Amino acid sequence: MPSRPKLGIWISLGAASLLLVTLAAKAFVPRYVKQDSAAGRMIAPADTDRIRFSDGDQQQLRLGDGSTRVIRSLLRVPDRMQFGEFAWNDHGVPPGRIWLRIDLTRQILSVFRGENEIATSVILYGQDETPTPIGNFPIRGMERNHRSNTYDAMMPYTLWLTSDGVAIHGSNVRQGLATHGCIGVPQDFAQRLFGVVKRGDLVTVVR
């Protein structure tokens with residue numbers, strides 16, 4: 001009969017595996033999805049809409065500066081999200097400070113309220129000569145209808161992260177596209193995000 005310490009280790013390992021599988025499942029499937037607009041499509045959460053971790057098995061996510069944060073629950077999406085898709089469900093989530101985690105390897109952005117995930121989206125990011133920076137960035141400013149003079153492009157619902165112009169903003173999230181360092185999200189998602197964040201909220205970018 002296994003001892004209690006060993007049983008606890010196995011439970012913790014199982015919970016950690018579930019966390020990794022859940023995050024990986026949100027990553028995009030690399031095939032073309034027809035997009036008629038940049039608005040994006042919100043996908044319906046599964047019947048059991050949240051993966052919850054018990055007090056004894058709280059999970060930790062790595063941040064861009066190497067530190068970690070405790071996570072109590074993640075959204076359960078029904079399948080791997082495609083380009084232009086996002087999920088948003090804050091039903092029953094207690095109050096807390098909003099913070100964002102961007103995983104460039106999995107190409108997803110997660111929105112957390114305190115220790116609970118309330119939204120997630122497939123993203124575009126910078127590559128090659130203009131990579132998206134890694135690290136922790138407080139939101140420096142917000143602009144609802146910004147237009148880039150450099151690239152002659154609209155950047156709706158802009159959340160500024162760096163002094164040299166890296167931001168999160170609404171975009172046409174399609175396969176094969178990239179940014180000049182910014183994080184592009186579907187415009188409907190960007191609008192919702194703009195409505196819940198404020199200056200100083202943490203955005204952490206990992207790879």
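Phe86, Trp88 and Phe189 form one aromatic cluster, where rings of Phe, Tyr and Trp (its six-membered ring) pair if their centres lie within 6.5 Å, with planes under 30 degrees apart counted as stacked, over 60 as edge-to-face and the rest as tilted. The model is predicted, so local features need pLDDT of at least 70 and side-chain atom pairs count only at pLDDT 80 or more, while totals for chains, interfaces and linings use all residues. Residues are numbered from 1 along each chain as its sequence is written, and side-chain values use heavy atoms, with hydrogens and water left out.

**Overall composition**

- The protein has two helices and 15 strands; helices (H or I, at least four residues) and strands (E, at least two) are DSSP runs, numbered from the N terminus.
- Of the 207 residues in the protein, 46% are buried; buried means under 20% relative accessible area, exposed over 50%, and partly exposed in between (1.4 Å probe, protein chains only).
- Among contacts with a separation of 6 or more, 66% are between residues 24 or more positions apart, a contact being heavy atoms within 4.5 Å.

**Aromatic pairs and a charge over a ring**

- The count of aromatic pairs comes to four.
- One of them joins phenylalanine 86 to phenylalanine 189 in an edge-to-face arrangement, at 5.5 Å centre to centre and 65° between the planes.
- This pair links distant parts of the chain, with phenylalanine 86 in strand 6 (residues 85–88) and phenylalanine 189 in helix 2 (residues 187–196), 103 residues apart.
- Both phenylalanine 86 and phenylalanine 189 are buried.
- Tryptophan 88 and phenylalanine 189 also form an edge-to-face pair, at 5.5 Å centre to centre and 65° between the planes.
- Because tryptophan 88 lies in strand 6 and phenylalanine 189 in helix 2, their pair ties together parts that are 101 residues apart in sequence.
- Tryptophan 88 counts as buried because its relative accessibility is 9%, and the relative accessible area of phenylalanine 189 is 0%.
- The charged end of arginine 69 sits over the ring of tryptophan 99, 4.9 Å from the ring centre; the criterion is NZ of Lys or CZ of Arg within 6 Å of the ring centre and within 35 degrees of the ring normal.

**Arginine 41**

- Arginine 41 lies in strand 1 (residues 41–42) and is partly exposed, at 48% relative accessibility.
- Not counting residues up to four places away in sequence, arginine 41 touches Gly84, Glu85 and Phe86.
- The C-alpha atoms of arginine 41 and glycine 84 are 6.1 Å apart in space, with the two residues 43 apart in sequence.

**Nonpolar core**

- The largest nonpolar core has 28 residues, and Leu109 and Ile168 have the most contacts inside it; such a core is a set of buried Ala, Val, Leu, Ile, Met, Phe, Trp, Tyr and Cys residues joined through side-chain atoms within 4.5 Å.
- Elements giving two or more residues to this core include strand 6, strand 7 (98–103), strand 8 (108–113) and strand 12 (153–160).
- Helix 2 gives the largest share of this core, four residues.
- Leaving aside neighbours within four places in sequence, the contacts of isoleucine 168 include Leu100, Leu109, Tyr157, Ile183, Leu193 and Val203.

- The largest cavity has a volume of about 30 Å³, where grid points are joined across faces, edges and corners and the volume is the space filled by probe spheres set on the points.
- The lining of the largest cavity consists of Thr132, Pro133, Phe137, Leu161, Thr162, Val166, Ile183 and Val205.
- Proline 133 is in the loop between strand 9 and strand 10 (135–138) and is partly exposed, at 27% relative accessibility.
- Proline 133 touches Thr162, Val166, Gly181 and Val205, not counting residues up to four places away in sequence.
- Proline 133 and valine 205 are 72 residues apart along the chain, and 7.3 Å separates their C-alpha atoms.

**Positive phi angles**

- Most residues other than glycine have a negative phi.
- Glutamine 107, although not a glycine, has a positive phi of about 60°; glutamine 107 lies in the loop between strand 7 and strand 8 and is buried, at 8% relative accessibility.
- Tyrosine 157, also not a glycine, has a positive phi of about 55°; tyrosine 157 lies in strand 12 and is buried, at 15% relative accessibility.

Methods. 1 Å grid on protein atoms, 1.4 Å probe; cavity = no way out; pocket = protein on both sides within 12 Å on 5 of 7 lines; lining within 4 Å.
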